[in-house]
Amino acid sequence: GWEINTPMRWYVVLLPIVALVYLGLRNSLRTREGRAMMAMRDHELAASSVGVDVRILRLKAFGLSSALAGLAGALYAYQLSNVTSETFNISFAIQFIAMIIIGGMGSLPGALVGAALWLLLPSVITGMASQVTDASGLVKMMLVDHRAQLVQLIFALLVIALLIFAPGGLVSL
C-alpha cells in the first residue's frame, strides 16, 4: 500500500538502511574477525604469520560485500523500475571508484563523505548557476551552458589533487 515514489519517501526508506549498514560494518570491524580483516588489508603476510586464515577471511569478506551489493542493487532496481545492461556501464563503475578515492580508501566515514560530495556538488553548482543567470562571459558559459562538463572537471581535479596530496582522501585531512 505504501509506494516509494518521491525523493522524500526514498530518503525515509534509505536513511535507516544506510545507518544500520554503517553501524553494522563499524561494529563488525571492532570484532576479532574485523581486526583480522584490517590486518589482512594492511599486510597479508604478517596477518597470516600471526594465525589469520587469509583464505577463509577472504571468502567471508567476499560474502559480506556481495550481500551488501545485492541489497544496494535490489534497492536501485526498485528505484529505476526498469533495469537494463546499458544502465551499468564503465562510467557507473568509475563513479564509485571516484567516490572512494575522494572520501578515503579503506575508511567507512570516507565512503560516506565521498558519496555525499559526489551527490551534492552538482546541486551546489546548479544553485550557483541560478544565481549568475544575469552574468555574461566565461562564468555564465561555464555555470549555465557547460554545467555537466564543469562538474566532471571539478571531480577530475579533486581526484588528482587528493591522489597526490592526500592519498587517504578527505577524511585523512
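A residue counts here as buried under 20% relative accessible area, exposed over 50% and partly exposed in between, using a 1.4 Å probe and protein chains only. The model is predicted, so to speak of local features takes a pLDDT of at least 70 and side-chain atom pairs count only at pLDDT 80 or more, while totals for chains, interfaces and linings use all residues. A search of the whole structure turns up 6 aromatic pairs. Rings of Phe, Tyr and Trp (its six-membered ring) pair if their centres lie within 6.5 Å, with planes under 30 degrees apart called stacked, over 60 edge-to-face and the rest tilted. The F92 and F96 rings have centres 5.0 Å apart and planes at 85 degrees, so this pair is edge-to-face. Both residues sit in helix α5 (residues 90–103), 4 residues apart, or about one turn of the helix; helices are DSSP runs of H or I with at least four residues, numbered from the N terminus. F96 is partly exposed, at a relative accessible area of 41%. Together with Y76 and F88, F92 and F96 make up one aromatic cluster.

The loop between α4 (54–80) and α5 holds S81. This residue has a positive phi of about 65 degrees although it is not a glycine, and S81 is exposed, with a relative accessible area of 64%. Most residues other than glycine have a negative phi.

On the surface, W2, M8, Y11, V12 and L15 form a nonpolar patch with about 570 Å² of accessible area together. Patches take residues with over 30% relative accessible area and no salt bridge, joining nonpolar side chains (Val, Leu, Ile, Met, Phe, Trp, Tyr) within 5 Å and like charges within 9 Å. A salt bridge puts a side-chain nitrogen of Lys or Arg within 4 Å of a carboxyl oxygen of Asp or Glu, and accessible areas come from the Shrake-Rupley method with a 1.4 Å probe. W2 is in the segment before α1 (7–29).

How values were computed:
Residues numbered from 1 in each chain as written. Heavy atoms only, no water. Helix = DSSP H or I, 4+ residues; strand = E, 2+ residues; numbered from the N terminus.
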